[in-house]
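User: Can you walk me through this one? I'd like to start with the inside.

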Amino acid sequence: MRAWNAAFLEHLQEAAGPDPLGMGYSIVALQENRESKEKIDGFGQLWPLDFVNMLYVDSTMIRHAIGGQMYQELEKQALIEGSDILTVKASRLAFPFFTKIGFCTEEHEWITCAGVELDRFAMSKSLMTPLN
């Protein structure tokens, strides 16, 4: 986990500087609690607009359809922007989610982060509707 965190922070700093969610198209899932305070349940980002750069759901909110709802919003925006395909580099943990929503594996990759080898999956999904 430490290696993934280090790689994620390095990626954000290199890619977007001090405001990574200010790049591309970003969404945040908020939940208001009894004290009228908002809690971030997840966030997602297209950057560039044909790449799912981030899709994160708080561990306490997994299996509450938040990831699916956020992904649907990202896909809708990609279509508005004219993308006909979406790509992602999915972690082993995220791989089943992306497979379930129609992404296909293009390549199984190994990367080194903070001295630890991690695997990820380059995946893609066509946004074109087949002709009948």
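This is a predicted model: local features need pLDDT of at least 70, side-chain atom pairs count only at pLDDT 80 or more; totals for chains, interfaces and linings use all residues.

User: How many residues are in the largest nonpolar core?

Analyst: It has 19 residues. A nonpolar core is a set of buried Ala, Val, Leu, Ile, Met, Phe, Trp, Tyr and Cys residues joined through side-chain atoms within 4.5 Å. Buried means under 20% relative accessible area, with a 1.4 Å probe and protein chains only. Phe-103 and Met-123 are among those with the most contacts inside the core.

User: Which element gives the largest share?

Analyst: H2, with five residues. Helices are DSSP runs of H or I, at least four residues, and strands are E runs of at least two, numbered from the N terminus.

User: What does Phe-103 contact?

Analyst: Beyond four places in sequence, its contacts (heavy atoms within 4.5 Å) include Val-52, Tyr-71 and Ser-124.

User: Switching to Ala-78. Buried or exposed?

Analyst: Ala-78 counts as buried because its relative accessibility is 0%. Ala-78 sits in helix H2.

User: And Ser-124, what polar contact does its side chain make?

Analyst: One with the side chain of Glu-106, at 2.6 Å. A polar contact is a pair of N or O atoms within 3.5 Å; within protein, one must be able to donate a hydrogen and the other to accept it, and residues adjacent in sequence count only if both atoms are side-chain atoms. Ser-124 lies in strand E6.

How values were computed. Residues are numbered from 1 along each chain as its sequence is written. Side-chain values use heavy atoms; hydrogens and water are left out. Buried means under 20% relative accessible area, exposed over 50%, partly exposed in between (1.4 Å probe, protein chains only).
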